[in-house]
Amino acid sequence: MLLMLVVAMAVAMPTSYAQLSKREMKEIEKTAKQEAKQLKKEGWKVAPGLPSIEMQLKDSYVMLRQKDENGYDKFIQGDAMSVGQVYDAAMFQAENLSKLNLAGKMETRVIQIIDNKLANKEISKEEAVSLATSISASKNLISQRLGQVITPVKLYRDLPNGNMEVRVIVYYSRDLADKAAKAAMREELENEANELSERLDDILGD
């Protein structure tokens with residue numbers, strides 16, 4: 001039942017340790033060790049052939065701290081849990097749910113930009129409402145537009161009823177997520193023949 005797990009980790013993760021100082025790495029290693037210990041107590045484990053819980057968490061924390069050339073977070077993080085009788089099915093569901101989690105974070109991010117634009121009188125209240133409505137309606141579409149997520153953390157545990165619970169932590173390029181969000185919003189606005197579709201790059205940034 002746990003076949004194909006090793007294959008799932010075959011794609012190399014773009015985890016870079018070069019940006020972080022020795023002090024930051026020591027902090028990450030300490031946190032990962034403590035959290036891994038707690039997770040093991042809760043029954044979480046990894047499938048044969050996958051990195052240890054501690055190593056998975058370490059990679060996750062490193063990705064969380066990655067910055068782009070402008071100093072912004074390079075990745076956005078999502079997470080999800082799922083229960084199923086078979087690992088692969090539960091993992092597939094969890095990864096889909098994690099994409100919805102990512103889409104939800106993009107929705108929050110875009111609404112914050114809209115609120116700031118409204119506060120600075122760069123857009124009208126009516127335009128702000130239209131944009132907020134379009135991003136909320138586009139959540140599922142954003143999730144569908146996201147490509148392959150990076151999944152440094154894949155854990156599972158056996159439940160008393162015989163089912164299996166899986167937990168994933170995923171990452172996705174912030175830049176690509178921004179593009180996916182704008183594309184989904186543009187499609188939603190175009191369907192409503194809303195002229196704001198032509199101004200999205202100006203409003204939300206390139």
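Buried means under 20% relative accessible area. I keep that cut-off at hand for the entries below. The model I am reading is a predicted one.

**Entry: Glu-95**

I looked up Glu-95 first. Its place is in helix α4. Is Glu-95 buried or exposed? Its relative accessible area is 19%. The cut-off is under 20%, so Glu-95 counts as buried.

Next I asked which residues Glu-95 is in contact with. I left aside its neighbours within four places in sequence. That gave me Thr-151, Lys-154 and Val-168. With Thr-151 there is also a polar contact, side chain to side chain, at 3.3 Å.

**Entry: helix α4**

I then checked the helix that holds Glu-95. Helix α4 runs over residues 87–119, which makes 33 residues.

**Entry: the nonpolar cores**

I looked for the largest nonpolar core and found 36 residues in it. Leu-102, Val-110, Leu-131, Val-166, Tyr-172 and Met-185 have the most contacts inside this core. Which elements give two or more residues to it? I listed β1 (75–84), α4, α5 (125–137), β3 (164–173), α7 (174–191) and α8 (200–204). Helix α4 gives the most, with nine residues.

I did not count residues up to four places away in sequence. Leu-131 then touches Ile-114, Ile-123, Met-185, Leu-189, Leu-196, Leu-200 and Ile-203. Met-185 is on the list of residues with the most contacts in the core too.

There is also a second, separate core, and it has 13 residues. Ala-32, Trp-44, Ile-169 and Tyr-171 are among them.

**Entry: salt bridges**

How many salt bridges does a search of the whole structure find? It finds 17. I followed up a few of these.

I began with Glu-27 and Arg-23. Their closest N and O atoms are 2.7 Å apart. Both residues sit in helix α2 (residues 22–41), four residues apart. That separates them by about one helical turn. An α-helix has 3.6 residues a turn, so residues three or four places apart point the same way. Glu-27 is partly exposed, at 33% relative accessible area. Arg-23 is exposed, at 54%.

Next came Lys-45 and Asp-158, whose side chains meet in a salt bridge at 3.0 Å, N to O. Where do the two residues lie? Lys-45 is in the loop between α2 and α3 (53–64), and Asp-158 is in strand β2 (residues 150–158). The pair therefore ties together parts that are 113 residues apart in sequence. Lys-45 is partly exposed, with 33% relative accessibility. Asp-158 is partly exposed as well, with 47%.

My last pair was Lys-67 and Asp-73. They form a salt bridge with the closest N and O atoms 2.5 Å apart. Lys-67 has a relative accessible area of 36%, so I noted it as partly exposed. Asp-73, at 34%, also counts as partly exposed.

Terms used: Residues are numbered from 1 along each chain as its sequence is written. This is a predicted model: local features need pLDDT of at least 70, side-chain atom pairs count only at pLDDT 80 or more; totals for chains, interfaces and linings use all residues. Side-chain values use heavy atoms; hydrogens and water are left out. The expected span of a helix is 1.5 Å times one less than its number of residues. Buried means under 20% relative accessible area, exposed over 50%, partly exposed in between (1.4 Å probe, protein chains only). A polar contact is a pair of N or O atoms within 3.5 Å; within protein, one must be able to donate a hydrogen and the other to accept it, and residues adjacent in sequence count only if both atoms are side-chain atoms. Contact means heavy atoms within 4.5 Å. A nonpolar core is a set of buried Ala, Val, Leu, Ile, Met, Phe, Trp, Tyr and Cys residues joined through side-chain atoms within 4.5 Å. A salt bridge is a side-chain nitrogen of Lys or Arg within 4 Å of a carboxyl oxygen of Asp or Glu.
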